[in-house]
Number of protein chains: 2
Amino acid sequence: MSDSLRIGLAGLGVVGGGVLKLLAQQRPLLQSRSGCRLEVVAVSARERGRDRAADISSLKWYDNALDLAGDGDIDVVCELIGGADGVALELSQAALGNGKHLVTANKALLAHHGNSLARLAEDGALNLGYEAAVAGGIPIIKGLREGLAANSFSGVYGILNGTCNYILTEMRDGVRAGSPRDFDTVLKEAQELGYAEADPSTDVDGVDAAHKLALLTSLVFGCPVDFAAVRIEGIRHINPLDIRFAEELGYRVKLLGVSRASAAGIEQSVHPCMVPERAAIAHVDGVLNAVVTEGDFVGTTTFEGPGAGAGPTASAVISDLVDIARGLVLPTFGVAVSELVARPSAPPGSHVGSYYIRLMVVDRPGVIADIAACLRDQEVSVESMLQHGRRPDEAVPVVLTTHVAEEEALARALGAMGELNTVLETPRMIRIVNL
Amino acid sequence: MSDSLRIGLAGLGVVGGGVLKLLAQQRPLLQSRSGCRLEVVAVSARERGRDRAADISSLKWYDNALDLAGDGDIDVVCELIGGADGVALELSQAALGNGKHLVTANKALLAHHGNSLARLAEDGALNLGYEAAVAGGIPIIKGLREGLAANSFSGVYGILNGTCNYILTEMRDGVRAGSPRDFDTVLKEAQELGYAEADPSTDVDGVDAAHKLALLTSLVFGCPVDFAAVRIEGIRHINPLDIRFAEELGYRVKLLGVSRASAAGIEQSVHPCMVPERAAIAHVDGVLNAVVTEGDFVGTTTFEGPGAGAGPTASAVISDLVDIARGLVLPTFGVAVSELVARPSAPPGSHVGSYYIRLMVVDRPGVIADIAACLRDQEVSVESMLQHGRRPDEAVPVVLTTHVAEEEALARALGAMGELNTVLETPRMIRIVNL
């Protein structure tokens, strides 16, 4: 590596602006740590004339981001455009194809095209840095790919979406304060505060968390990225009632990405989960993210920190640049592409765990017996049952938790319950994750 | 780097045994991740004939560990002997002096000789890996030196000693269960369980945590290691009463290593602290460790995991070996030795924070007024006061918490309180750390 690392920056939104600001503010520090100057030499963004926090007048400007990939003065392209396809993909391919390192914050891109981009990087002996793509400022990619490299992992799970965690935290605060608010109300507030997008679906439907989980899975299990295998459920259906019952049972409701290896294969899922109050991850609130891994030698480790925002994301992007400046070139997913081993995906329903079930029933003798029979018929055993108050012949919520069972059996039991005359709404199920 | 990394292992105790076991068990995985074979070619330990978990009969044996440094077949020496001086120091110097990388789990060695060893490593363009020296299996050295390298830090703090954290957790459990146990009782149990050494002083007096803190300070602030500047207080004087009051006030008592930069200089201290229940670190219990850092761009990040034991420590040692196998050579403390800048140490008493004070007083009108006057005279303002029950003219504990004040002023106030006739024991103070 020469005495300067020449960066081409594509995208000058919140993150791109943060990167410019960080580079300007920490110039001597970064030079001292990386042993070379990190210099942005060219930029590309949608509107050149727009007012920006950083002065870009001295930098080479490209209207077309793809031109960065062809600029011989650039060592590394920093892709901060976003989107799974289109310019982001073309630029990434062209940059690696032209012998430039790539740093990206784009989880959608890597979830869909990570395997082919990793191969391009490897063919050119280039580094593909994506620390900013997962869990924002938390250095979890480095933690897994290098820090815990001596371990074989049985699982990884995490709170990977700050928007969902913020909404669930607010809903819980409402319940605790005695003024429960439903999902839509809290979502609207989150949008007003800038914690949720105008179109929140990528976040609240779990897709963003699933993108990140697919990358973690690949790193942890040494398999190609398989985003299509992630089973995804968002948080729109979470009701303040569930949160109140969770409190009472000693749990917190969190949207978790979970990836586990079992005899049935690899299970990747993003689901709302009940986690025990005593678990570290239960206390990760608001827009924070956390990732927990289980390694055979190290045991359980937890990394927690800000999952989004200009500062944390810029911190992650620039850590990748510092790595490149220091000469580090690592296999994208921890091992050479040719050594990634595809593993079967665990069939739906093969998940084994315990469950929380909420039913709206008619308060009438025999109802609980009928429900219990549905579970017994599938050999699912009940751990606890809660019904508050008595309102004969009216609708009341009933909550059950089960012992460990196959999700398939549970689904059949829920189906049978749904058929009962005394069960008024589709039964709700939330997985219990006993960390 | 060739296709194998040849390791000379000094010390075959718990950690050395763990390293051999891990290398044997994860052979294909490590080769796949590091791109080369990690091979122990020679060992040295106290007794050759001793029964060991791992078979060492095929390995070259040296009675004198120093001979590892002279063996031309060795690329990296793994120092797992321990001790701040003696063989560990001589071996480390000789290994680096002879062009071999060094990996060590030895915090005492680095706390005392880290600066000169870092220079030796740098002179030889060698890597000095010490992930296992701080917080066991948690990859915190990598996290700070690489993952968060884009940040300027205002502070780092952590639970750095599992023995102390175990004892404090047990004492709290006792208080909560209504059967408080004092320090000595819990220490004895910890010794029986193998969580504390026969001579526990290095742990319970805070020295081990201070060794680790001195290394974190250097990494975070880019200054030479200055172990002598760490102010150290252990946990022997922590009383179940303090733990009960902490619960009541919404705090947990933890032994924290804290390093902060202020106008007065760098403050390094290991102290029992009260941390708010809502802080992530408050829930790090038992033998776990955790490290929290505050970076200007990333914000607050927390790394948590097992702080000791054969498996976690071996995981850390071998992550350093994988780094070396991958060709990584980094400045030991994040920047070149010549760029480490010594910074003044904050004078004792310059700490600014809030405090918990426990007094044993005679229950008599006017006592609280006298105590309050001592604080007022030093311009320390009281935040809360607790006295349970009334026992006229008998001894009762009284607890106060203060608003933010200089420790020097507080010490003067405590001195004045100690002079009061109605105050029966030396007043006890615990810092409140508002994370």
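In the predicted model, helix α6(A) passes helix α5(B) in a right-handed crossing. Two packed helices are described by the angle between their axes and the distance between the axes. For this pair, formed by residues 140–147 of chain A and residues 140–147 of chain B, the angle is about 125 degrees and the axes lie 10 Å apart.

The contact is made by Lys142(A), Glu146(A) and Gly147(A) on the α6(A) side, which meet Lys142(B), Glu146(B) and Gly147(B) of α5(B). By class, four charged and two polar residues take part in the contact of α6(A) with α5(B), and no nonpolar residue does.

Backbone geometry was also examined in chain B. Most residues other than glycine have a negative phi. Ala125(B), which is not a glycine, has a positive phi of about 55 degrees. Ala125(B) is located in the loop that runs between α4 (107–123) and β6 (128–129) of chain B. With a relative accessibility of 54%, Ala125(B) counts as exposed, because the class begins over 50%.

A positive phi is also found at Asp393(B), where the value is near 65 degrees in a residue other than glycine. Asp393(B) belongs to the loop between β14 (382–387) and β15 (395–402) of chain B. The relative accessibility of Asp393(B) is 55%, so Asp393(B) counts as exposed.

Technical notes: Residues are numbered from 1 along each chain as its sequence is written. Chains are lettered from A and ligands numbered from 1 in the order in which they are written. This is a predicted model: local features need pLDDT of at least 70, side-chain atom pairs count only at pLDDT 80 or more; totals for chains, interfaces and linings use all residues. Side-chain values use heavy atoms; hydrogens and water are left out. Helices (H or I, at least four residues) and strands (E, at least two) are DSSP runs, numbered from the N terminus. Buried means under 20% relative accessible area, exposed over 50%, partly exposed in between (1.4 Å probe, protein chains only). Axes are lines fitted to C-alpha atoms, for helices over the stretch in contact, and angles run from 0 to 180 degrees between N-to-C directions. A crossing is left-handed if the near helix is turned anticlockwise from the far one by less than a right angle, and right-handed if clockwise. Contact means heavy atoms within 4.5 Å. Ala, Val, Leu, Ile, Met, Phe, Trp, Tyr, Cys and Pro count as nonpolar, Asp, Glu, Lys and Arg as charged, and the others, Gly among them, as polar.
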